[in-house]
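Please look at the fold below before reading the points.

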Amino acid sequence: MRKKIIAGNWKMNVKPSETAALVKAIAEATKDYTNVDIVCCTPAIDVPAAVEACKGTQVKAGAENAHWEAQGAYTGEISTGMLVDAGAEYVIIGHSERRQYFGETDETVNKRARAVIAAGLTAIVCVGETLEEREAGKLNEVIERQMNVGLKDVTAADCAKLVIAYEPVWAIGTGKTATPDQAQEVHALIRATLAKLVGAETAETVRIQYGGSMKPGNAAELLAKKDIDGGLIGGAALKAADFAGIIAAAAQA
Ligand code: PGA
């Protein structure tokens, strides 16, 4: 049995001074759901405040990106060592917004993911097709490429520190959710592709989150699917009550 994992992706939305209050409200609203892993991935500048607010709760803090080099002349980047030092435990890698706006490629996703795992952090590696790609019949090709290149040289042992998030780009922040059947179909493809990379037994242990307009009202039906092991939540992660509603659904799934 894979433990469900619900992670918030705060994107560029919450100030350092607002962070503790949101984390504490989430922790308070979800304290009974001990069978779910709960993560808040925040802007790097919010991480110290999030880590502090997570203390004594079951909520874990994470970041939204990390560089692959340990240190050096990489203006504007954050290293995995800095995140470890600050107390973060998770890092989102390869979110579609980074692919779309910041030149992230499958190759840089691979470098970042391997660095994150090597640092002892858990990488939440995002994959997902655009509407154009889906409509052109390229769904499988795109997902397989993102998996094969993005997870190149990730070993079976590394998979203990790996979560994959399936986020159809057309469902992110649009209010359009993939139907549970559409999502399950891609989750099964992701698991089968992973099985070819690290073996079927290991692939069965890796959690695959769905992301894209997940909210309290649709979480239960998505999380009921066999290969949907959690959610990566944008908009609904910014309101403690909404985020807690999704976590409640995961606790019962
Ligand atoms: P959304 O974002 O829940 O606002 O659609 C999800 C994500 O981008 O991770």
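**Notes on the barrel**

1. In this predicted model, Ala7 has Val39 in β2 as its bridge partner. Strand β1 (residues 4-9) runs parallel to β2 (residues 36-41), and six bridges join the two. Two strands count as paired if DSSP finds at least two bridges between them; strands (E, at least two residues) and helices (H or I, at least four) are DSSP runs, numbered from the N terminus.

2. Residue numbers start from 1 along each chain as its sequence is written. Local features need pLDDT of at least 70, side-chain atom pairs count only at pLDDT 80 or more, and totals for chains, interfaces and linings use all residues, while side-chain values use heavy atoms, without hydrogens and water.

3. The barrel is closed by eight strands in the order β1-β2-β3-β4-β5-β6-β7-β8, with parallel pairing. On average, neighbouring strands are turned by 25° against each other, direction ignored.

4. β4 pairs in parallel with β3 (residues 59-63) over two bridges, and Ala63 stands opposite Val91 of β4. Four bridges join β4 to β5, also in parallel; here Ile92 has Ile124 in β5 as its partner.

5. Which residues cover the two faces of β4? Tyr90 and Ile92 lie on one side, Val91 and Ile93 on the other, and all are buried (under 20% relative accessible area, 1.4 Å probe, protein chains only).

6. Helix α5 (residues 106-118) packs on the sheet, in contact with β4 (90-93) and β5 (122-127) (heavy atoms within 4.5 Å). The direction of α5 makes about 160° with that of β5 (lines fitted to C-alpha atoms, for helices over the stretch in contact; angles from 0 to 180 degrees between N-to-C directions).

Key. Buried means under 20% relative accessible area, exposed over 50%, partly exposed in between (1.4 Å probe, protein chains only).
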